[in-house]
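Some questions and answers follow for a reader new to this structure. The model is a predicted one.

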Amino acid sequence: MTTFLDPLIAFVSAHAWLAYLTLFLAALLEAVPVVGSVIPGSTIILALSALVPGGELKLPWVLLAAALGAVLGDGSAYWIGHRRQREILTAWPLTNYPRVVAQSESFFNRFGTWAVFFARFVPPIRAFVPVTAGALGMAPAKFYAVNIPAILTWAPAHVLPGVLAVSALHEYAGLHHHAHIGKHIWILTVVGAAIVLGLTVWIIRRRNASEAKASKPQS
């Protein structure tokens with residue numbers, strides 16, 4: 001894995017604009033209904049944040065790329081829902097995810113306007129709440145009044161942990177920036193945690209689906 005990460009870090013250092021574009025797309029696609037439930041946007045952002053302390057990426061540009069992608073993704077989903085109203089919730093491809101759509105609608109009904117804020121931090125409904133907010137008739141001014149502050153909180157919350165963790169490894173563990181060891185540790189930790197979390201969610205969903213199927217009366 002180290003032999004893979006070193007060339008990757010060197011490539012990012014030489015082509016930083018591609019990394020910023022990747023961050024932008026990761027944040028954007030994570031907000032798209034259905035697509036956002038399978039794109040590991042948060043993992044990508046957390047992992048690439050490790051490249052800020054060593055200077056391969058600049059913190060302001062990382063935050064800006066992530067925030068702009070999230071604003072465009074959430075906004076696009078919201079306006080699709082706002083335009084098509086409740087019809088969108090029963091149209092393809094959302095019909096393939098009735099459980100998540102129901103959870104998103106329940107989440108929105110429970111928390112109201114604040115659902116837009118809280119959903120930014122709760123996968124996988126993060127990808128469904130903006131379109132749900134639009135479909136249920138939330139006013140644009142209300143949506144953006146909550147969505148923008150949520151994104152401005154979400155972006156640092158995803159970027160700064162990696163920056164601080166790698167900086168601490170170099171500062172207090174005596175690791176040198178040019179050796180990339182701190183970056184390796186953080187990136188591998190993030191990827192490993194994402195895999196474990198993904199498998200856990202998959203197992204829980206499989207179990208719930210099996211229980212739901214078993215509880216249905218036999219015809």
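Q: In which helix is Ser104 found, and is Ser104 buried or exposed?
A: Ser104 is found in helix α5, which covers residues 98-111. Its relative accessible area is 0%. Buried means under 20%, so Ser104 is buried.

Q: Which residues is Ser104 in contact with, leaving aside its neighbours within four places in sequence?
A: Neighbours within four places in sequence are left aside here. The contacts of Ser104 are then Ile125, Phe128, Val129 and Thr132.

Q: Which residues touch the most other members of the largest nonpolar core?
A: This core has 25 residues. The residues that touch the most other members are Leu94, Val116, Phe128, Ala133 and Met138.

Q: How are α2 and α3 oriented to each other, roughly parallel or roughly antiparallel?
A: Helix α2 (residues 16-30) and helix α3 (residues 41-48) pack with their axes 8 Å apart, at an angle of about 150 degrees. Angles over 145 degrees count as roughly antiparallel. Therefore α2 and α3 are roughly antiparallel.

Q: How many residues of the contact of α2 with α3 are nonpolar?
A: On the α2 side, the residues include Leu23 and Glu30, and on the α3 side they include Ile44 and Leu48. The contact has 1 charged and 3 polar residues. The nonpolar residues number 7.

Technical notes: Residues numbered from 1 in each chain as written. Predicted model: local features only at pLDDT ≥ 70, side-chain atom pairs only at ≥ 80, totals over all residues. Heavy atoms only, no water. Axes fitted to C-alpha atoms, helices over the stretch in contact; angles between N-to-C directions. Helix = DSSP H or I, 4+ residues; strand = E, 2+ residues; numbered from the N terminus. Parallel < 35°, antiparallel > 145°, perpendicular 65-115°, else oblique. Contact = heavy atoms within 4.5 Å. Nonpolar A, V, L, I, M, F, W, Y, C, P; charged D, E, K, R; others polar. Buried < 20%, exposed > 50% of the residue type's maximum accessible area, 1.4 Å probe, protein only. Core = buried A, V, L, I, M, F, W, Y, C linked by side-chain atoms within 4.5 Å.
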